[in-house]
Amino acid sequence: MKCSKPWVIAVSAAFAGSLAAGMAHADGEKIAVFTKNQTNPYFQTVRTATDIAAKSMNATTIHYVPTKPDSIPEQMSQIEDAITKKPDAIVFIPVDFKAMVPGVNKMNAANIPVVNVTDRSQGGNLVSFVGTDDYSLGLGVARHMLKKMGGQGNVIIIEGVKGALSSVERVRGFQKALAEFPGVKLLASQPANYQRLQALQVMENLMQSFPKIDGVLAANDPMALGAVEALEGANRKALAVGINGSREAVEAIKTGKLLASGDPNAFVQGCIGTMAAIRHLRKLSVPRELVFPADVVDSTNYKSREIPENQRSCPKWEDVVKS
Amino acid sequence: MSGRLSRRAAASADVVALGYRVLVLVVLVAGLAFANDAFLTQSNLLNVLRQASLVFLIASGLTLVILTAGLDLSVGANVGLSACIAATVMKATGSVALAFLAGFGVGAVIGLGNGLMVTFMRLPPFIATYGTMWMLTGVTYWFMGGQTIHGFSPGFRSLGSGYLFGLPVPIYLMFAFLFAGGAFTRYSVLGQEVYAIGANAEAARLSGVPVRTRLVMVYILSGAMAGIAALVYVARLNSAEADIGEALTLPALAAVLIGGTSLFGGVGSLSGTLVGALILTLVLNGMNLLTINANWQPFITGVIVLLSVWIDMVTRQRAEARA
């Protein structure tokens, strides 16, 4: 990805180092950033945020992204590549929370500090976990929709990939919210593997057997929008919510197609994850866990998400992390 | 394989094989009609046909390739790139005609590349198109940069979600290509040459068939069909994203195999592929209607593929024994 020539880094680091003589740290840390894929805009946002955070603290980033989305063997070999290049710290989103534990162990064995972002790794030695949990995302956005429905009506859940932690947890959040609204009936809960086309077809099929559907809880934005396409195609109306707070979802919220999206706030996660890694290297305090509450984007607050990511700036550490 | 069969024995085996499939289809339809009231309604049957038409468009080109004992593993990735480029052209120019040319053209050029690799570079079709798949995936991710293109004009969208005389437009496309393709394979000299190459390429060459040219032709046709399918997908989903084609190759291949086209070449038909696409679609539709969790859909697909190929082998061996 974008990375200045090594000698430039070395020179600027030495220069900054001499200026900062006597301070507790030297600038110019190299941070390796691992994300899951190049397809999901969520991770593009994380990458942009890590770049902005690193730049603001005079560090640099190197990105590792599997070419085959969410590929376990590819991320594993990228970890090996990264270790040979000896980054100062790693900001790590595992493609799989269980399968990548050996990868975290390898980074630990190489004595490289790891900050875990977004998906919580099931094992390994981690400086900190930075993320929003999927359960509260599901719960938050589902509550939002069920309230709008006045606690009455029929609802469908569209799940992500079965077995993927994010889907299991989001759906658990949906179910918890449904339990709070006994007037709402869950008609069906079907997987569409986080894919827009599958969600469209699943919704088309479900509309055949259910003449009255009032709400759709989808485990990500593309599926929510696929379901909305199916509804529009059949001239039917229902409230729909997704999760990701993606740019497309924000536009759909603006035009009233989508009610809301649970926003894991990828930008803040990227910022705070990178800052945590750099702070750790500079011997500043970093909490073991930084879990943000779920953020729901809807027609009242979508405007703040319309600023292009590369023009945003990271929040201040002190504003996000309350000691 | 079937080169050794007498023409009549082969033809009767074909009829028997297609008969089995139609039987499976009828049993599926009867079972679902019995199990769920919503199944055998006009709206659900149109729904199933529309969903099957997307699979069929891709699978029809693939059928031609497989008839020559070839393989095209790049069809899904081809749909991905063609869709993203066509969507970009559509957004940039607002012209449906140019978008159509772009989608169709990109698909055909990719097919040409495959054809040249298979003939002039003498790469095995599996390897050539497998490599193409990876390259296309990479180019598509680079091209899209994690973004989604969405929101198209109603005129363009009618290609995927419109109706004509009460029937969804993709269904017309499916039958148009079924009849055109059927006439081409059954009655044209070119079509007969496709079968001849698949049955025995060397014998076809000796009897004057320009094997290389015909092979390049079928790969171009397969690519072009993927390009056309891409346009229908974009029009249907009202969006294009880099992973749009990711989950399409294997279902298309399953439709061809369930439809009775042999991977060894020379045996099979487009009508078989249509039946295959319908069976595949009915499995998901049925599970959704019966609200059985559709996670078992891949398993059932696998069982059907194995059973149908096995039944083919047995019926062909019997026909051979009788001949």
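Modeller: Happy to, and please keep in mind that this is a predicted model. Let's start with the open sheet in chain A, where 6 strands follow the order β2-β1-β3-β4-β5-β11 with parallel pairing.

Biologist: What makes β2 and β11 of chain A the edge strands?

Modeller: Each of them, β2 (60–64) and β11 (289–292), pairs on one side only. Across this sheet, neighbouring strands are turned by 15° against each other on average, ignoring direction.

Biologist: How do you know that β1 and β2 of chain A count as paired?

Modeller: Two strands pair when at least two bridges are found between them. Strand β1 (residues 30–34) of chain A has 5 bridges with β2(A), in the parallel sense, so the two count as a pair. Within that pair, A:V33 stands opposite A:H63.

Biologist: Which helix lies across β1, β2 and β3 of chain A?

Modeller: That is helix α2 (residues 41–56) of chain A, running at about 160° to β2(A). Helix α2 is also among the elements that give two or more residues to the side of chain A that touches chain B; the others are β7 (184–191), α7 (196–209) and α8 (221–233) of chain A.

Biologist: How many residues are in contact between the two chains, and which element of chain A gives the most?

Modeller: 26 residues of chain A are in contact with 29 residues of chain B. The top contributor on the chain A side is α7(A), with 10 residues. By class, that side has 8 nonpolar, 13 polar and 5 charged residues.

Biologist: Why are A:N193 and A:Y194 called buried?

Modeller: The cut-off is 20 or more other C-beta atoms within 10 Å. A:N193 has 22 such neighbours, so it counts as buried. A:Y194 has 24, and therefore it is buried as well.

Biologist: Which strand pairs with β10(A) in the antiparallel sense?

Modeller: Strand β12 (residues 295–297) of chain A does, over 3 bridges, and there A:D263 stands opposite A:D295.

Biologist: Which way do the residues of β10(A) point?

Modeller: A:A260 and A:G262 point one way, A:S261 and A:D263 the other, and all are buried. In a regular strand, side chains alternate between the two faces of the sheet.

Biologist: How is chain A divided into domains, and what separates their centres?

Modeller: Domain 1 covers 28–126 + 265–293, and domain 2 covers 134–263. Their centres, taken over C-alpha atoms, are separated by 30 Å. The contact takes 6 residues from domain 1 and 7 residues from domain 2. On the domain 1 side there are 4 nonpolar, 1 polar and 1 charged residues.

Conventions:
Residues numbered from 1 in each chain as written. Chains lettered and ligands numbered in written order. Predicted model: local features only at pLDDT ≥ 70, side-chain atom pairs only at ≥ 80, totals over all residues. Helix = DSSP H or I, 4+ residues; strand = E, 2+ residues; numbered from the N terminus. Axes fitted to C-alpha atoms, helices over the stretch in contact; angles between N-to-C directions. Nonpolar A, V, L, I, M, F, W, Y, C, P; charged D, E, K, R; others polar. Buried ≥ 20, exposed ≤ 12 C-beta atoms within 10 Å, placed from the backbone. Domains from an automatic or database assignment.
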